[in-house]
Amino acid sequence: MKDRKDIVVSDEEMAVQKGYISAIRDALNREMRYCIVTLGCQMNAHDSETIAGMLDQMGMTPAESREQADLVLYNTCCVRENAENKALGNVIWLKELKALKPDLIIGVGGCMMQEEGMGEKVRKMYPFVDLAFGTHNMYRLPELLYRVICEKQRAIEITREDGGICEGLPVHRRNNFSAYINIMYGCNNYCSYCIVPYVRGRERSRDMDKIVEEAKALADSGVQEIMLLGQNVNSYMGGGAHFAELLYRLDQLDIPRVRFMTSHPKDISDELIACFGELHHLCKQLHLPVQAGNDRILSQMNRRYTREQYLDKVRALRAVCPEIGLTSDIIVGFPGETLEEFEDTVSLIDEVRYDAAYTFIYSPRPGTRAANMPDDTPMEEKSRRIQRLIEHQQRITTELCTRQIGRIEPVLVEEVSARDAQCVGGKTERGHMVNFAGEPSLIGRIVPVKITSAGKNTLRGEML
Ligand code: 5AD
Ligand code: SF4
């Protein structure tokens, strides 16, 4: 295991980057507006908040759209091929914008840039991209931007070595009531289909005191909900008990809601399960991706649990917290998956009865083990399977929504309802979206709502 000082970016290096932030702020003699386009998961969304925090400190301001921006940054994803195509398509679209607006600065960062050979590809094939960085050196954005803005150079820099943990970077949060907190980075699991360990590196956990400090500052500023983030939060500090310990410490703070994602079923410890029965602020909700319901496929995926072991965890969780809402990720059409094996996934969702499941058709990713496995199932068949799974899950989701009718639930109000300006919407502890008549001034507050009816995926209610 690496020494802690080797996985934290030094204060000196952080000071250098702060120096570049000041230098850009001093050098900017015009208004500079930025637009960050984020693709992918919550980790990326939170990285974008950090990028925005740095740009704010440079004296830049957010633009309403890409067209109005002087700097457009893409924070990319590569978990499936279509995410990558979307990122590349978007970047190419910017070439036309730059033809109309030659001073436009275009930057690309995130997971796709961290893929093998991508830096070279961008350097050679996308000459209109001014700036590129990976996931490991995002904290060096001030220096790279300095080169582009002040030295009029291109700055394409991708480092292969795992990025250090950065403390104290500014964060421009998406709102003032619900906040993301990174607790660990990277993944050591090497599920055979997954590119994440290659682009996010090995597991590195943040210091527990630093996390609690950040959470405390958020509590003091009135934040109502925190979402702890990591590719595999249960192996925080290398053991389940450590993660449970962190949850206990966070439970002492004045933050009514604590959530976390993503969890690996093999690392759900007894201590963590007990948290769902004991902690006051931990929401009764868990995203616990199963990926497949068949043992042979699970083994080919290198998930390191069987269907029964997964179901045992679910039973243990429900024993301490009967109302827990579970959600999942499921991959359909993994190489060699037979129809019978797929049916095991359908029967598993019947057994677990998830509140919701995010379903994906398997997408081969370069460099992963599964990319070399023979795959002879035609795409039409895979599409039929995913369709069947979606319909099946939809019935369960709607049934579980209907069961909420009549309950009184605390709801954290998040937004004015998109369909009806007289209504607001927010989530229950379990994660169900509820819409009800209410003023925008309720946004950011937790209020009691009686659930009166259920739609396919969402609920309606009345505030009490
Ligand atoms: N193909 C399809 N889905 C994938 N996921 C990860 N890698 C792939 C892939 N190669 C899904 C998994 C994971 C979620 C974030 O994305 O279900 O849990
Ligand atoms: Fe990918 Fe598996 Fe790690 Fe999740 S646990 S990021 S699916 S390798």
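A polar contact is a pair of N or O atoms within 3.5 Å; within protein, one must be able to donate a hydrogen and the other to accept it, and residues adjacent in sequence count only if both atoms are side-chain atoms. The model is predicted: local features need pLDDT of at least 70 and side-chain atom pairs count only at pLDDT 80 or more, while totals for chains, interfaces and linings use all residues. Residues are numbered from 1 along each chain as its sequence is written, chains are lettered from A and ligands numbered from 1 in the order in which they are written, and side-chain values use heavy atoms, with hydrogens and water left out.

**Overall form**

- The chain has 14 helices and 19 strands; helices (H or I, at least four residues) and strands (E, at least two) are DSSP runs, numbered from the N terminus.
- The radius of gyration is 23 Å, close to the 23 Å that the globule rule gives for 464 residues, so the chain is as compact as a globular protein of that length. This radius is taken over C-alpha atoms, and the globule rule is 2.2 Å times the number of residues to the power 0.38.
- Along the principal axes, the C-alpha atoms fill a box of roughly 60 × 55 × 45 Å.
- Of the 464 residues in the chain, 55% are buried. Buried means under 20% relative accessible area, exposed over 50%, and partly exposed in between (1.4 Å probe, protein chains only).

**Ligand 1**

- The residues around ligand 1 are V79, R80, Y193, Q291, D329, I331, F360, I361, Y362, S363 and R365. A residue is near a molecule or strand if one of its heavy atoms lies within 4 Å of it.
- By class, this shell has six nonpolar, two polar and three charged residues. Here Ala, Val, Leu, Ile, Met, Phe, Trp, Tyr, Cys and Pro count as nonpolar, Asp, Glu, Lys and Arg as charged, and the others, Gly among them, as polar.
- Strands β13 (325-332) and β14 (356-361) each supply at least two residues of the shell around ligand 1.
- A polar side-chain atom of Q291 lies 2.7 Å from an oxygen atom of ligand 1, and a polar side-chain atom of D329 also lies 2.7 Å from an oxygen atom of the ligand.
- On its own, ligand 1 has 400 Å² of accessible area, of which the protein covers 86%. Accessible areas come from the Shrake-Rupley method with a 1.4 Å probe; for residues, only the protein chains shown count as cover.

**Ligand 2**

- Around ligand 2 are C187, N189, Y190, C191, Y193, C194, V196, P197, Q231, H264 and R303.
- The shell around ligand 2 divides into seven nonpolar residues, three polar and one charged.

- Strand β17 (residues 433-437) is largely enclosed by the rest of the structure, because four of its five residues are buried.
- Strand β16 (residues 423-427) pairs with β17 in the antiparallel sense over five bridges, two strands being paired if DSSP finds at least two bridges between them. K427 has M433 in β17 as its bridge partner.
- The hairpin of β16 and β17 has five residues between the strands, and G431 in the turn has a positive phi of about 105°.
- Strands β17 and β19 (residues 459-463) run parallel and are joined by three bridges. In β19, L459 is the bridge partner of V434 and R460 that of N435.
- Strand β18 (residues 446-454) runs antiparallel to β19, with five bridges. A454 stands opposite L459 in β19, and the hairpin joining β18 to β19 passes through four residues.

**Backbone exceptions**

- Most residues other than glycine have a negative phi, and most peptide bonds are trans.
- A cis peptide bond, with omega of about 5°, joins M261 and T262. T262 lies in the loop between β11 (257-261) and α10 (270-278).
- R304 is not a glycine, yet has a positive phi of about 65°. R304 lies in the loop between α11 (295-300) and α12 (307-320) and is partly exposed, at 46% relative accessibility.
- R353, also not a glycine, has a positive phi of about 55°. R353 is found in the loop between α13 (339-352) and β14 and is partly exposed, with a relative accessible area of 24%.
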